[in-house]
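Visitor: I would like a brisk tour of this chain. Please start with the ground rules, then take the sheets and a few residues.

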Amino acid sequence: MAIDALSVMRTNTESEVNLPSTDTTYVSTTEELKDINDAYQKVAYMFDWPTLLKRGATIIVANVNKYGLPSDFRKFRYLKVLDVEKDFVEFDKFSYSRGTYSVDMDFTFSTRQMWIADLPTTASVAYSLTNNESAGNAVVIELDTVSGLGVGDEIFINGTTPEFTTVSSTDSSATTITARLVVATGASKILYKVSEVISYQYYRTVTLLSGASDTTVLPDATDSIIPVYAAFLYFERKKQHDRAKAKLEKFKDMIDTAFSGSDKLTTGEATGFSIG
């Protein structure tokens, strides 16, 4: 993850544009902050960085095929309904495409929407936790019922901190399952089989930097790239096109190198998320 705080990025941006710290027309101004944040978004959305990858699930309601998207959603990596992967289609083709999904990013609504072409007719089965559970490698989880759960089932706990895990054993007489938990969870939280929900991975949006100690959620290799693109924006605005072009070429070389060293197969998703 990133190391340089916003205060360091400000200093590095000022170095890239060759301005002294005493130049108050740009240094520590909102204009400088905007350039840095615009550069941050440019770097974040130019490639699919593994640190922006999240996993989540949405609980199915019978005969409903329209669901809200996570608030930080940018685009899906994959989406599965009842453990079957669906293909993405543009919204204008959605109504006559089977085995597909589409995304409605109309900002008229408070949340963006995803649409599933094949209407799910059965709601996700809910299993309620009846006790607080601590994190651990072999946690005995007390449930209201274990009917339908088996060894090897991947499950999703829709708690305060949602978590995906796998059932390692079941005990019908004690109404418990055993599974590994990374985080503690509590009574009344709900557990679902992943094969009975809408599950997905998606790339999230980024939150703009504001505080001096803020850092990005990108790999630390991008720390030195953001000030370069911020400098490009500065020179382009000043109509110093030769200097802007030089910064842009430098940016392209740096970001290509940084992303080529980013291995999404070993880095994995950043965290989990759920709605519904």
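Guide: Lys and Arg count as positive and Asp and Glu as negative, while His and the chain ends are not counted. The place of a charge is NZ of Lys, CZ of Arg, CG of Asp or CD of Glu. This is a predicted model, in which local features need pLDDT of at least 70 and side-chain atom pairs count only at pLDDT 80 or more, while totals for chains, interfaces and linings use all residues. Residues are numbered from 1 along each chain as its sequence is written, and side-chain values use heavy atoms, with hydrogens and water left out.

Visitor: How far apart are the mean positions of the positive and negative charges?

Guide: The chain carries 27 positive and 36 negative charges. Their mean positions are separated by 5 Å.

Visitor: Where is confidence lowest, and where is it highest?

Guide: pLDDT is the predictor's confidence in each residue, from 0 to 100. The chain has a mean of 92, and 93% of its residues reach 70 or more. Helices (H or I, at least four residues) and strands (E, at least two) are DSSP runs, numbered from the N terminus. The lowest mean, 50, falls in helix H6 (residues 264–267), and the highest, 98, in H4.

Visitor: How many helices and strands does the chain have?

Guide: Along its principal axes, the C-alpha trace spans about 75 × 45 × 30 Å. The secondary structure comes to 6 helices and 15 strands.

Visitor: What percentage of the residues is buried?

Guide: Buried means under 20% relative accessible area, exposed over 50%, and partly exposed in between (1.4 Å probe, protein chains only). The chain has 276 residues. The buried share is 45%.

Visitor: What percentage of the contacts joins residues at least 24 apart?

Guide: Contact means heavy atoms within 4.5 Å. The count takes contacts between residues at least 6 apart in sequence. Of these, the share joining residues at least 24 apart is 70%.

Visitor: Why is E10 largely enclosed by the rest of the structure?

Guide: Strand E10 covers residues 154–158. It is largely enclosed because, of its 5 residues, the number buried is 4.

Visitor: Which residue of E13 is the bridge partner of Phe 156?

Guide: E10 is joined to E11 (residues 163–171) by 4 antiparallel bridges, and the two form a hairpin with 4 residues between them. On the E11 side, Phe 156 stands opposite Phe 164, and Ile 157 opposite Glu 163. E10 is also joined to E13 by 4 bridges, again antiparallel. There, the partner of Phe 156 is Tyr 192.

Visitor: Which residue of E7 stands opposite Lys 66?

Guide: An open sheet of 4 strands has the order E2-E7-E6-E5, with mixed pairing. Its edge strands, E2 (66–68) and E5 (87–88), each pair on one side only. E2 meets E7 (residues 113–116) over 3 antiparallel bridges. Opposite Lys 66 stands Trp 115.

Visitor: Is Ser 199 buried or exposed?

Guide: Ser 199 lies in strand E14. Leaving out residues up to four places away in sequence, Ser 199 touches Gly 56, Ala 57, Tyr 78, Leu 79, Lys 80 and Val 194. Its relative accessibility is 2%, so Ser 199 is buried.

Visitor: Is Ser 210 buried or exposed?

Guide: Ser 210 sits in the loop between E14 (198–204) and helix H4 (226–237). Its C-alpha is 34 Å from that of Ala 135, 75 residues away along the chain. At a relative accessible area of 57%, Ser 210 is exposed.

Visitor: What is the separation of the C-alpha atoms of Gly 186 and Thr 130?

Guide: Gly 186 is in the loop between E12 (176–181) and E13 (190–193). Its relative accessible area is 12%, so Gly 186 is buried. Beyond four places in sequence, Gly 186 is in contact with Leu 129, Asn 131 and Asn 132. Thr 130 is 56 residues away along the chain, and the C-alpha separation is 8.0 Å.

How values were computed: Two strands pair if DSSP finds at least two bridges between them.
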